[in-house]
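Student: I would like to go through this protein one question at a time. Please show the model before we start.

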Amino acid sequence: MPQPFNNAVMTDAGARLLTRAQAGEIKIEFTRIATGNGVYAASEKTLSALQKRTALKAQKNSYPLSDIDIFSDYSVKVTALITNQDPVTGGTLVNAGYYINEMGLFAKVKDGAASTEVLYSITTTAGENGDFMPPYNGYNPAQITQDYYATVNNSAQVTIKTAGAALLVEDANKLRDDTTKLRYKIGIDNGLIYIQEVDE
């Protein structure tokens with residue numbers, strides 16, 4: 001049974017990024033979701049303590065974002081595939097299992113240097129330990145499609161970095177169904193997805 005997480009908290013660094021976006025100085029680009037097995041005392045799970053965090057306590061893995069949806073005028077939902085095997089290369093991402101006790105959403109200045117990336121938002125498990133991410137056994141990857149909600153000033157003014165992201169199964173099926181109706185086919189060539197019109 002999935003273990004609940006506390007409500008996500010925007011960090012001070014995330015708030016500064018948002019303030020700059022609200023002033024029209026920059027646009028925000030969400031870059032990745034990271035998971036870790038850091039253990040937090042009750043005093044470390046308070047709003048004020050989490051706002052001051054600049055990194056996860058014990059980051060284990062980092063995942064590119066697969067999708068972004070407008071949730072409201074002032075929030076977006078970003079999605080990432082949390083897994084123990086790289087869905088693109090087939091490589092092992094998790095050699096030693098761990099409990100996912102913390103999760104962070106990272107963002108940076110759109111078109112800015114990597115050095116502008118900050119921990120935008122953080123959440124911790126409500127209990128002592130979160131879900132267990134097992135090591136990859138070489139056969140069956142463990143996968144979690146993770147949605148993460150983030151506050152923004154204007155949901156139309158944010159983007160996500162998708163390089164290296166997995167195409168989620170539901171997105172691939174929808175794309176296949178849609179293109180079939182339009183007499184197109186989907187293929188993959190050298191890691192790139194293409195759509196090609198076909199004769200009737």
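Tutor: Two strands pair if DSSP finds at least two bridges between them; helices (H or I, at least four residues) and strands (E, at least two) are DSSP runs, numbered from the N terminus. This is a predicted model, in which local features need pLDDT of at least 70, side-chain atom pairs count only at pLDDT 80 or more, and totals for chains, interfaces and linings use all residues. Residues are numbered from 1 along each chain as its sequence is written, and side-chain values use heavy atoms, with hydrogens and water left out.

Student: How many bridges join β2 to strand β3?
Tutor: Strand β3 covers residues 59-72 and runs antiparallel to β2. Within this pairing, Ile33 has Tyr63 of β3 as its bridge partner. The number of bridges that join β2 to β3 is 5.

Student: Which residue in β6 stands opposite Arg32?
Tutor: Strand β6 (residues 102-109) pairs with β2 in the antiparallel sense, over 8 bridges. In β6, the residue opposite Arg32 is Phe106.

Student: How many residues of strand β2 are buried?
Tutor: Buried means under 20% relative accessible area, exposed over 50%, and partly exposed in between (1.4 Å probe, protein chains only). For the protein of 200 residues, the buried share is 34%. Strand β2 (residues 28-36) is largely enclosed by the rest of the structure, because its buried residues number 9 of the 9.

Student: Is Ile68 buried or partly exposed?
Tutor: Ile68 lies in strand β3. The relative accessibility of Ile68 is 25%, so Ile68 counts as partly exposed.

Student: Where on helix α1 do the buried residues fall?
Tutor: In helix α1 (residues 12-22), the buried residues are Ala13, Gly14, Leu17, Leu18 and Ala21. Seen down the axis of α1, they fall within an arc of 140 degrees (taken from the directions from the helix axis to the C-beta atoms), so they line one face of the helix. Arg16 and Gln22 are exposed on the other side of α1. The buried residues of α1 therefore lie on one face.

Student: Which elements do the buried residues of α1 pack against?
Tutor: Contact means heavy atoms within 4.5 Å. The partners of the buried α1 residues are β1 (9-10), β2, β6, β7 (118-124) and β9 (143-151).

Student: Which residues in the largest nonpolar core touch the most other members?
Tutor: A nonpolar core is a set of buried Ala, Val, Leu, Ile, Met, Phe, Trp, Tyr and Cys residues joined through side-chain atoms within 4.5 Å. The largest one has 25 residues, and those touching the most other members are Ile28, Phe30, Ile33, Val78, Leu105 and Tyr120.

Student: Which element has the lowest mean pLDDT?
Tutor: pLDDT is the predictor's confidence in each residue, from 0 to 100. The protein averages 81, and 74% of the residues score at least 70. Strand β5 (residues 98-99) has the highest mean among the elements, 96, while the lowest, 46, belongs to helix α3 (residues 169-181).

Student: How many contacts does the stretch of residues 162-176 have beyond near neighbours in sequence?
Tutor: The pLDDT over residues 162-176 is below 50. Where pLDDT is low, the predicted coordinates should not be read in detail. Beyond near neighbours in sequence, the number of contacts that residues 162-176 have in the model is 21.
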